[in-house]
Amino acid sequence: MASNMLDVLRRIILEVNAAPDLDQALNIIVQRVKKAIQVDVASVYLSDFQLQQHILMATDGFNPQAVGRVRLAFGEGLISIVTERAEPLNLEDGSAHPRYRRIVETGEERYHGFLGVPIIQHKKVLGVLVVRQRAMRKFAENEETFMVTLAAQLAGAIIHAEASGGFARLFKDVGGAPFTLKGLPGAPGVAIGRALVVYPPANLEAIPDRKVADPDAEEASFRAAIADVQREVRAMSRQMADTLPPEELVLFDALALMVGSDDLVEGVVGRIHVGNWAPGALRDTIHELLRAFEEMEDPYLRERATDIRDLGRRILTRLQAEAPVQMLGGDGRVILVGEDVAAAHLSEVPTAQLAGVVSARGSSSSHVAILARALGIPAVMGVADLPVSRLESQQLVIDGYRGQVFVRPTPAALTEFQRLEREEEQLRAGLQELASLPAITPDGVRVPLYANTGLLADISPSMRSGAEGVGLYRTEVPFLVRDRFPGEDEQMHIYRQVLEGFAPRPVILRTLDIGGDKELPYFPVREDNPFLGWRGIRITLDHPEIFLTQLRAILRASIGLYNLRLMLPMISDVNEVDESLALIRRAHSELIEDGMPVTMPPVGVMIEVPSAVYQIDALAQRVAFFSVGTNDLTQYLLAVDRNNTRVAELYQTLHPAVVRALAQIVDGAHRHGKPVGVCGELAGDPAAAIVLLGLGVDSLSMSVGSLLRVKSVVRTFTKAHAHELAQQVLQMEKEGAIRALLNNAMEEVGLGGLVRAGR
Ligand code: PEP
Ligand code: MG
């Protein structure tokens, strides 16, 4: 066993994560494991659930020809014991075990020592990592834990490969197999279209493969980029000549050499002539070089990998400076796909062609998702395993309700989704008729429906959808898209447009809510637990200068309109309310002193931290209204990060605990005669809207894309019926049962078409 196990582990994990495909990841694992534990054979079996077989996928020690050929039926051999028990099996003499099965396909001799560990992801056993020894050998505990740790890492790589079609390709030897990716719902709807991969400049990881029409021209532009970067490196060296000692300057010569090296240049040119465009060829070549460097024993040389990465970026920048953004030809429907799709990317496709968005990063509260909702197109966010480089021009179906992406769907799936898309269209058209009708229950209870927004672009879609005002204006959005804090006048103009756009209808402006996952590029906050850290009101109270500027801008923007309501985010303690109210009064009196006819708006707080639920009485004495931020309240009640795909299944928006907290909030607020709205995503979920209505929530605020669906719920369910259902829901123990009850209720009243939207 290597002396420094942790170091070996770390190195292997780095290599595995950098491997371009599953094949190579598996090969790296078996080679390194064989060496680290000094065994005769290390292998990986993966389980094909369709064929019901464990298939040898990689080996170091057996005949390489055996890969793909050695297959054990489920239930057969020691491998099956490991998968059945989902536990390591460590046997001094495996061959003495009654279920031992000698592998004859490879003319295998008899092995004794056996250690197999399951490869598990999300409770599912995907295969087995196994080592074998000719001699008798019982493996030590640290060897077992070493293998278990590696197997856990391997699980991630396998899921990734499965997601990108690699697994299917290896197993069935068919390219272009369909596969499904799981992300987070970003914006509701279903769409079918071809992928257009967008990428930020100079990000090699996000570069897609593209076919090149003229390899010679591509080679020429690549060589020109190389020459430019060599000049750039030499210029850097000259610039540094005065400040750096000569031995350090040598580094620049080495860099210039590296840029023009055969490994790099010939590697890229070769790949171009095989048919890839220069950025794609560069990406693969740099990855290959990186692997070579990262394998080096010498830590100094290993660190040079950083230089390679940097050179790759520099060459890419040059290439991108020359190449205009490519667009898909024709007028087909386009789904934007990228590592981190930004709002600006939406403008790269004509709106009529834009069908949807898929992003590896972000969540439903990302700017691009908010914009997608405003445009009425679906978005799937946070697709952690998005194989960006392989998706260009592929046919995709995206389901923004459930956060799923189907790549190269089967004809049957496609037909099904085309039907759903048509139904959606009909539903939209049918709902459109509701736009001008009031949100009133059949037994005469009015439930105002408001829009959530943070974009000026939202104003007209919000108005068209019949929103009766704005229930949540996220003021951080204009802060997020700038490169500095917007000044008082600048902010005033933005707020004025929203307030004027909706007047006389009410507009709830929420004060700056940054931190958590909303970091301003010019105000970095680095914390271990950002969602439990410096966030929302905590930041603005610590920076009264930022808060007062915003408050003054908001108060000035509202002059003469009288439709402003002011709302404070992330309140967890009454002191925060007292301090905020003092600052609001101060901003107000300063403006009055300056001769401005500002008025004090009603001030409310968001209930999105569990502690606020239990302080509802104290809060009710201080503020005019409440709005429940269910997005955060759910994440804090359930201790589930709202953006983490790994625990997304646990983020149950209708969890019994959430429903009970809501009931408590409504009762508490109403005891003091204060209205309660809900402005989290839950308000836009038709099934949940029934419960909210039944619990007595006074208004609902949501993305405009959901507004008409919820209006059809309000116009169909009587308050009495909703109340009855809510009482039943309050008795239930599981979200699944709650959803089933509500879906049933919707089917019964003829709103079956909306059921999908709540899933
Ligand atoms: C919420 O937490 O529910 C909410 C509406 O605020 P945000 O999504 O902006 O955190
Ligand atoms: Mg929130």
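This is a predicted model: local features need pLDDT of at least 70, side-chain atom pairs count only at pLDDT 80 or more; totals for chains, interfaces and linings use all residues.
Helices (H or I, at least four residues) and strands (E, at least two) are DSSP runs, numbered from the N terminus.

Residues are numbered from 1 along each chain as its sequence is written, chains are lettered from A and ligands numbered from 1 in the order in which they are written, and side-chain values use heavy atoms, with hydrogens and water left out.

**Ligand 1**

The table lists polar contacts, meaning pairs of N or O atoms within 3.5 Å.

| Residue | Atom of the residue | Distance to an oxygen atom of ligand 1 |
|---|---|---|
| R510 | polar side-chain atom | 2.8 Å |
| E608 | polar side-chain atom | 2.9 Å |
| G629 | backbone N or O atom | 3.3 Å |

Taken alone, ligand 1 exposes 290 Å², and the protein buries 100% of that area (Shrake-Rupley method, 1.4 Å probe). The space that ligand 1 takes is the second largest cavity; a cavity is a set of points, on a 1 Å grid over the protein atoms alone, where a 1.4 Å probe fits but cannot get out. A molecule sits in a cavity if more than half of its atoms lie within 2 Å of its grid points.

**Magnesium site**

The magnesium ion (ligand 2) has E608 (OE) and D632 (OD) as its protein donors, lying 2.0 to 2.1 Å from it. Donors are N, O and S atoms within 2.8 Å of the metal (3.2 Å for Na, K and Ca); water is not among the atoms, so sites may look incomplete. E608 lies in the loop between β19 (603–607) and α20 (610–613), and D632 in helix α22 (residues 630–638), so the pair ties together parts that are 24 residues apart in sequence. Both E608 and D632 are buried (under 20% relative accessible area; exposed is over 50%, with a 1.4 Å probe and protein chains only).

**Two other residues**

S359, in strand β11 (residues 354–359), is buried because its relative accessible area is 0%. The S359 side chain reaches the backbone nitrogen of V341 at 3.2 Å.

Y562 is in the loop between α18 (544–557) and β18 (564–568) and counts as exposed because its relative accessibility is 62%. Y562 and P504 are 58 residues apart in sequence, with 7.5 Å from C-alpha to C-alpha.

Notes
A polar contact is a pair of N or O atoms within 3.5 Å; within protein, one must be able to donate a hydrogen and the other to accept it, and residues adjacent in sequence count only if both atoms are side-chain atoms. On a 1 Å grid over the protein atoms alone, a cavity is a set of points where a 1.4 Å probe fits but cannot get out, and a pocket is an open set with protein on both sides within 12 Å along at least five of seven lines; lining residues have an atom within 4 Å of a point.
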